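I opened the model to look up a few things for the notebook. Where do the chains touch, and what stands out in the backbone?

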Amino acid sequence: MATRVLIVDDAIFMRRMISDILKKEGFEICGEAGSGTQAVQMYRELQPDLVTMDIIMPDMSGIDAVREIIKEFPNAKILMVSAMGQQSLVVEAIQAGAKDFVVKPFQPSRVLESVNRVLNLK
Amino acid sequence: MNSNYEELFISEAEDYLEQISNSILKLEKDMNDTEAINSIFRGMHTLKGMAASMGYSSITKISHAMEDIMDLIRNSKLNITVDLIDLLLKGTDYLTSLVNKREIDENIIKSFLKVIESIKTGVETSKKIIETEKVEEKKENEKNITLKVIFADDVVLKSARAYVVIKSLQDKNIFINTEPDFDSIMKEKFGNEININIKNVKEIAPLIDDIKSIPEIKDVVVKDEAKSDNDVVIEKKDIKVSLERLDNLQNYIAELVIERGRLQQIAYSIQNEDLINSLNSASKTISAIQDEIMKIRMVPVGQVFDRYPRFMRDLSNRLNKKIKFEIKGSDIELDRAILNALADPLLHLLKNAVDHGIETPDERIKNKKSPEGYILLETKRVKNGVLIIVSDDGKGLDKNKIISKAISLNLISEDESTRMSDHEVFSLILNSGFSTKEEVTDISGRGVGVDAVYNVLKHIGGTLEISSQTGRGTTFILKVPLTLAIIKALLVNVGSEVYIIPLTHIVETIRINMDEIYTIMGKEVFILREGIVPLIRLADIFKSEYNREKENFQIVLVEVDESLYGILVENFVEQSEVVVKPLKGMLAGIPGLAGVTILNNGMPSFIVDVPGIVTISKVG
């Protein structure tokens, strides 16, 4: 069974890019969310193997979404997608329980490296 | 480890070992020779400290074991026998071999340590249980592992990346701390790598693989704490000259300077133009050589201080204390001999700060302080010398404890203690054998600390000041001269005496008339460019006879602590370079004197301690 990934980003463009990279490698994109609140809801419904999470989003931020998800699902595997210059936010997200991060703009190989590492974590 | 210290360590350790074996031989001849016993003890203690800071574990262990034995002997808990002397000599041989990078079979060392342990247990049965517990606890701590994590060259958001690594170790409950410290890492204040201290794990390889799997991590290596004493590579960029050679050279130059002075006197007295000219150009060359030698002797303090952070880190880990250690002014230069002499005393002070000064994180939180203690080693240039300041924000010195200890040691009476200022109380810890911390620890030893520091400072012509506030911390200010030996000075006379005033304090010289001297609040002053300047009659300070009623006098204007003072003298003799010799014996304690020198005419003359006479004039 393919690994199921939930992609969270308010920009459709970014969701498409990440989705293309992962599909090519045989991942299944089980859902896409455009906000933090949506992400939390969809996680509950789908319980994916992995989440890619944008940091700055309308209504609930990616960091708050991580907190909400980890609270209910402590073993959730979340990969942050950050822009340059958001260092302290990334640190905060990892503190909240995100497992790794990639920085936009990114190389496909770099995204896959992080995805695989996060998935391999016990 | 920096090769600078290696050289330093070897040469100094050799000296200590030589001194130790001489003392052991003395002890063999006279088993009651307490001076020899103390000398061996102190030698071992110092060697232990030096080796520990270099990370030489075998040398540390052996010297520590031998120090323990000497302590027992010192306290008459162990009798000296011929066998024991043999054992001490054997240990010294092992140490000599290790210091000189000769390998010794580990089993030999082990069995040697075992013998010592059995001697100790023979006398220390009652303490045995507690001590073994302590030792084991320590061992547990000592097994910490340091991982060097190297980041990829193209790493983005370096701090966050480092945090991913730290977090993964935190999740495994093995994270201890980092170097640089966590805050610096979060502020991207690090290069391409960080060191992370973690608790011991059974299998390190999977852990390393795990960290390496984190993106943008180039490599992870285990730093070997207990690196073998043998794998030493000494870099050779410059040639190394032993300090002894430099000392010799400087002494010869000093003789030459004195001889030059005599020659000049002769040349002027016979008024031979050619001789005077030739002497003048020779003089210039002599001065140039002197300057060069001075420069060769000057090294940045960092050369020695750079080894402290590592030591402080290990030490605070071992004691479970959180400490931020900072070094400021490490590019300031100091005479190599002075710096060498200060290396160990400073280590003592830093050890004390960690061990006795900084509280445990729990205690600190309880006292509403940040759980992380702060220790600063700061070097500052000041006129005529360098200040080295060791300060901590720990619990401060315990005045009452010092007083009661001083009373029990008969240093002061109870009555006296009530009248003492804080400063006077703190100065009590400079007395030999003074230590308020009762138990013996591996780190600070037996209170050979502060008094030993003070002795070294006195020897090199420095001073030590202590200030402390309960709950706020302690500060040690070491004032050391820039260099030893030759100073430029003005020779002045009062009555029949010639005194020497170092040029470093002198602002200018002026001439004043008797009627320009006024008295304000019982003190003599004169007006200089609309400012009032206190007058100090040099003759009054040293109780020399002179004609007070002369019409005019010479004034040497000096600056001390940013204030001007006028030193009144009768005449200026000449400006000259003098060789400073320390005051010894009865003269050593006279206030206002910084040293003595031999004048060109062969007569001794005193060098004035300018800040000292300013203080005297204020009190008197």
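**Ground rules.** I am working with a predicted model, in which local features need pLDDT of at least 70 and side-chain atom pairs count only at pLDDT 80 or more, while totals for chains, interfaces and linings use all residues. Residues are numbered from 1 along each chain as its sequence is written, chains are lettered from A and ligands numbered from 1 in the order in which they are written, and side-chain values use heavy atoms, with hydrogens and water left out.

**Interface of chain A and chain B.** I looked up the contact (heavy atoms within 4.5 Å). Chain A puts in 19 residues and chain B 17 residues. About 1,400 Å² is buried between the two chains, 63% of it on carbon and sulfur atoms. Buried area here is the accessible area (1.4 Å probe) that two parts lose on being put together, summed over both.

How many salt bridges cross the interface of chain A and chain B? I found two by the rule, which asks for a side-chain nitrogen of Lys or Arg within 4 Å of a carboxyl oxygen of Asp or Glu. I noted B:Arg161 with A:Asp100, at 2.7 Å, N to O. On the chain A side touching chain B, the elements that give two or more residues are E4, helix H4 (87-96), strand E5 (100-104) and helix H5 (108-120). H4(A) gives the most, with five residues. Helices (H or I, at least four residues) and strands (E, at least two) are DSSP runs, numbered from the N terminus.

**Charges over rings.** The charged end of B:Arg161 also sits over the ring of A:Phe101, 4.0 Å from its centre. The rule wants NZ of Lys or CZ of Arg within 6 Å of the ring centre and within 35 degrees of the ring normal.

**Chain B.** I read off 21 helices and 22 strands. Of its 620 residues, 47% count as buried. Buried means under 20% relative accessible area, exposed over 50%, partly exposed in between (1.4 Å probe, protein chains only). Among contacts in chain B with a separation of 6 or more, 69% join residues 24 or more positions apart.

I then checked B:Ser97, in helix H4 (residues 82-99) of chain B. Is B:Ser97 buried or exposed? B:Ser97 has a relative accessible area of 17%, so it counts as buried. B:Ser97 touches B:Arg102 and B:Ile104, leaving out residues up to four places away in sequence.

**Backbone.** Most residues other than glycine have a negative phi, and most peptide bonds are trans. I logged the exceptions.

- A:Lys104 and A:Pro105 are joined by a cis peptide bond, with omega about -10°. A:Pro105 is in the loop between E5 and H5 of chain A.
- B:Glu179 and B:Pro180 are joined by a cis peptide bond, with omega about 0°. B:Pro180 is in the loop between strand E2 (175-179) and helix H8 (182-186) of chain B.
- B:Gln271, not a glycine, has a positive phi of about 55°. B:Gln271 counts as exposed because its relative accessibility is 53%.
- B:Asn410 has a positive phi near 60°. B:Asn410 lies between helix H16 (399-408) and helix H17 (414-418) of chain B, in the loop. B:Asn410 is exposed, at 69% relative accessibility.
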